[in-house]
Amino acid sequence: MTPISKSEAIYLIQHGYFPAPKILQIEITNDCPLACPQCYKTNRQPSYMRPDVFKKAVDEAEQIGVYLVTLNGGEPLCHPDFLEMVTYAACKQMLVVTYISGFGLSQEHIDRLSCITNLQLMISMNGSTEEINGLSRDGYSYMEQNSLMLSVIRLRTMAKSSLL
């Protein structure tokens, strides 16, 4: 692949193209306790991104102007350093987004995550009932069990950021 010329780069910037991506998605683990039928992450040995590698990626992203970091998995809550990683990215004044099933959500998660005002904690589900959700993914019971805890996180975060 041939690098673009300086004039081509100037043209792209002048016409609204970004010199660097604005969103970074990082798969912090492939570990997941669910067995969703459509998932490509099957029969893998669990692996976890090292926190120092994560921090380096976030630091570099901040330097080039990334404003949103998404922590993906597997199930991000399965990563033993999940809270450290979310907190680190949030301290960089980036919007932090993570999608979870609710599996492994604990009171410690609620207490620590509800203090982070630039965090969007999303719950993944593929249907509003267990029957519909179960056609394409596992874990409806985790979402159902933890929906109240997720609401507490959202309300605390909104209160701290003056959104209420």
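Student: Is Cys91 buried or exposed?
Tutor: Cys91 is exposed, because its relative accessible area is 57%; exposed means over 50%, buried under 20%, and partly exposed in between (1.4 Å probe, protein chains only). This is a predicted model, in which local features need pLDDT of at least 70 and side-chain atom pairs count only at pLDDT 80 or more, while totals for chains, interfaces and linings use all residues. Residues are numbered from 1 along each chain as its sequence is written, and side-chain values use heavy atoms, with hydrogens and water left out.
Student: And why does Cys32 count as partly exposed?
Tutor: Cys32 counts as partly exposed because its relative accessibility is 33%.
Student: How many disulfides does the structure hold?
Tutor: The structure holds zero disulfides, a disulfide being a pair of cysteine sulfur atoms within 2.5 Å.
Student: New topic: which residues touch the most other members of the largest nonpolar core?
Tutor: They are Ile28, Phe54, Leu71, Phe82, Val86, Val96 and Leu113, in a core of 23 residues. Such a core is a set of buried Ala, Val, Leu, Ile, Met, Phe, Trp, Tyr and Cys residues joined through side-chain atoms within 4.5 Å.
Student: Which element supplies the largest share of this core?
Tutor: That is α3, with six residues. Helices (H or I, at least four residues) and strands (E, at least two) are DSSP runs, numbered from the N terminus.
Student: Where is Gln93?
Tutor: Gln93 lies in the loop between α3 (82–91) and β3 (95–100). Its phi is near 65°, a positive value in a residue other than glycine.
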